[in-house]
Amino acid sequence: MNATTAAGRGNGRARRLLALSRKEGLQILRDPSAMLMAFVLPIVLLVLYAYAVSLDAREVRIGLVLESDSAAARDLAAAFAATRYFRVTPAHDRRQVEPLLVSGELRGFVVIPQDFARRKMSRAHPPLIQVITDGSQPNTANFVAGYAQGVLSGWLAAERSGALPAADFEPRYWFNPELESRRFLVPAAIAIVMAMIGTLLTALVVAREWERGTMEAIMSTPASVLEIMTAKLLPYFALGLIATCICAVLSITAFDVPLRGSWAALFSLSSAFLVPALGQGLLISAATRNQFVAAQLALLSGFLPAFLLSGALFEIDSMPAVLRAITYVVPARYFVASLQTVFLAGDVWSQFLPNILAMLAIGLVFFGVAAARTRKTLD
Amino acid sequence: MTAIEFRGLVKAFGAVRALDGLTADIAAGSLTGLVGPDGAGKTTLLRLMAALLKPDRGTVRVAGNDVTTDPDRIHSIVGYMPQRFGLYEDLAVIENLELYAALRGVTAEAPHDTFDRLLRFTGLAPFTRRLAGQLSGGMKQKLGLACALMGRPAILLLDEPSVGVDPVSRRELWAMVGELTGEGIAVVWSTAYLDEAEQCDSVLLLNAGRLEYAGVPGALTRRIEGRSFLIAGVERERRSLLADARELAGVRDGVIQGESIRLVLAEDAGTHALDALAAGHGGRLEPAAPRFEDAFIDLLGGSPGARSALAERMPPVELAAESAVSCRNLTRRFGDFTATDDVTFDVRKGEVFGLLGPNGAGKSTTFKMLCGLLEPTAGVARVAGFDLRHAPAEAKLRLGYMAQKFSLYGLLSVRQNLEFFSGVYGLTGAAQRERIDEMIGTFDLGRYLSTSPDTLPLGFKQRLALACALMHRPPVLFLDEPTSGVDPITRREFWSHINGLVQKGVTIMVTTHFMDEAEYCDRVALMYRAKLIALDSPDALKASVASEERPEPTMEEAFIRLIELAGEAHGEREAA
């Protein structure tokens, strides 16, 4: 083949790609559901995550049963009352608070026993308090237990060092000093929005082309499958990045989430995540060619894992081993972890790079399988 | 010159052989019709020619290129229009053209000349900014053709381009294709309309993946010379006479044709029995010129019997009112667009009444108002004497409705569909079970009960849809393009049920684009531009447009002529 026809071919390919991408762009602009998903859904999700879903415990109602009347016990009780994490209902008998715990008015109670002061004096028996929590709400229960422990150790440390504490116990939470859940939920919401756009929208639009018979028509033209698919993905890639942008700006301005890392890192991570997300959508539509089934599959295999198994809502470290193993093939896992870092900590490329590589690798697998399936044309 | 050649072509999908050892040639510069019943392999063959599929065995060569080894070459010289035209409905006409121009490598300097040429050719120039989804069926088809013609293909493949398209648009498309073959393009046109096949330069007739006939259509028609007859002069009971005639040995096919009955006899069959039968009904048997359709049905082994098990089991229906359906000054406006304008007619009890018109003439709107799916803006519609506005429930209990797409639930089994529709019409308990069993027996649905309607063969799907519509034994049955895209054999079976129902006193209201089906009707109402422009028996309509040069016009010619006349009258009013 001589140089001019080779150039001519390249030119034709570019023109076809451009025309197909333009067509896709026009369709997005005229399709209310795509616009809704790209621009309204991020806002709705962010608002929900910022206000409705809260994993924070503030002013948790607990009972405080003071069985001892000693000065030490009263001092400890004052320490409990002083923390803003608890709102304390005082009592002298546990029978007073038990019904309140049963009825759900209290989330737990702390018993300072009669022998509290005596034990504190003796070196052999360290002082003992009892914490009863409502196990039907495990998160809150853990929180109550943990914080009660914290209050106690803090108070003991202060006791030992005398009236003027030489070494104060002051916990400090890095990256999210207020321990506000929206600071890590909002970045996670971005991952979910991107999974929706990448996987659900892509799966739907490709399946739609099969359903309406337009795929057959464009496949009969000189455009190759690779061109058709690339042109399909480019606009959705752009749409995904636009949605990221909207989410990030909203997070920073309206929800007070800092972006400590750089925009460059944010966009690199988002771009890397869109590769497996789009690949998954493409694979689903190539396998089903039916919009309804494609939507179901996309929700099941794209949205739900991004929601539940990515670490967005539930910490991966506390999942059972089997689920933990599964999270390694959920691309959102790598994305959520990196997003939280880029928003709350900064650019930590030593974490980003392996995550980006993992997302790209999963994406390549999806694309490979999708290409193999689509290549079989209409069979 | 040969444009396309098939040699020993085999293509299977799973266990089904869609094409089974096909060897044929398609000539350049000519129009080749691809005909055959549903499932014959027409679409598969077109996709093979478009290099969208690869043969399992044998070869397909398109303009000398093998589809297996050189699909890219073929994609650049073949224009292909799939069944739904391959248009993007959310793109404007011009945007669709631009897309296909870029895909087909129409060079950057020339596209506007090309667009002008195609827009002029298809008459779409005034609509370039309109979204493809808002075009009428005929205009979509022309746009699909324009897209397929982008880049001046040497070969044009059209997959059922005329399904759901009215005779006027079909004729225009036909003229365009004629012009293209004149330029040397090989056009392959697959169709379920045998009158179209008859006008092709040559036809490939497929049945169950095998080639039954290849050659000039006239030669096939000549094979049955002297075997086509009409029984004319029958005053009443044409339909029961047809059913009796089809029972006779040696009768291969029979249909209603206006006031006559058209019959095709087997080779060597005598006419004595038929003469006697005709005379018994006061009619006479006359030889008729054979049609391609006669030869087609004969080649495929004759049509199924005209007895309808359904009608035989069904008790005669009672209808108190004198007119089954009637409308007075029926009008429907959408915004400032009038879809149905002051339409008045009566459908007599036990009549087959056809509602015809070009796409967009307002027949669907009228039809929907008559079966209570749409409220009229003005005027009155009655079914079985009940006003649809004041007593919709009573009226709807007396009508059955079968939609174009059959409206079956694909996620339910055949039995569950029957249960659902019988439940909707208020049947319960033993009566419901009995009716369902009756329908299963009548339509022979027994072996399909647990399968999804989507996987049924077309003929059975149609039976199921009819069973669902008849579950409550309605005296009036509405059929909305019930046979669109359906092949002649399956349509014969369908009409045998309809004819049987009519004999039991059921009134049929039907819309169709098939002109032969229009002739099955007792009376035909023709709509154009929202108005009723003609209403009479098919024979009277034909006679009304007879002229010196066309003493015996066909139904299609009558249809087109009546619309032209109405268009001229409209033009004169506009001018005045």
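Reply: Start with a term: two residues are in contact if their C-beta atoms, placed from the backbone, lie within 7 Å. This is a predicted model, where local features need pLDDT of at least 70, side-chain atom pairs count only at pLDDT 80 or more, and totals for chains, interfaces and linings use all residues. Residues are numbered from 1 along each chain as its sequence is written, while chains are lettered from A and ligands numbered from 1 in the order in which they are written.

Me: Among contacts in chain A between residues at least 6 apart in sequence, what share joins residues at least 24 apart?
Reply: Take contacts in chain A whose residues are at least 6 apart in sequence. The share of these that joins residues at least 24 apart is 79%.

Me: In which order do the 4 strands of the open sheet in chain B lie?
Reply: Strands are DSSP runs (E, at least two residues), numbered from the N terminus. Two strands pair if DSSP finds at least two bridges between them. The pairing here is antiparallel, and the order is β2-β1-β4-β5.

Me: Which are the edge strands?
Reply: Each edge strand pairs on one side only. In chain B they are β2 (16-27) and β5 (65-66).

Me: How many bridges join strand β1 to strand β4 of chain B?
Reply: β1 covers residues 2-13 and β4 covers residues 57-62. In β4(B), B:V62 is the bridge partner of B:I4. The number of bridges joining the two strands is 5.

Me: Which element gives the most to the side of chain B that touches chain A?
Reply: On chain B, 24 residues are in contact with 23 residues of chain A. Helices are DSSP runs too (H or I, at least four residues). With 6 residues, the element giving the most is α3(B).
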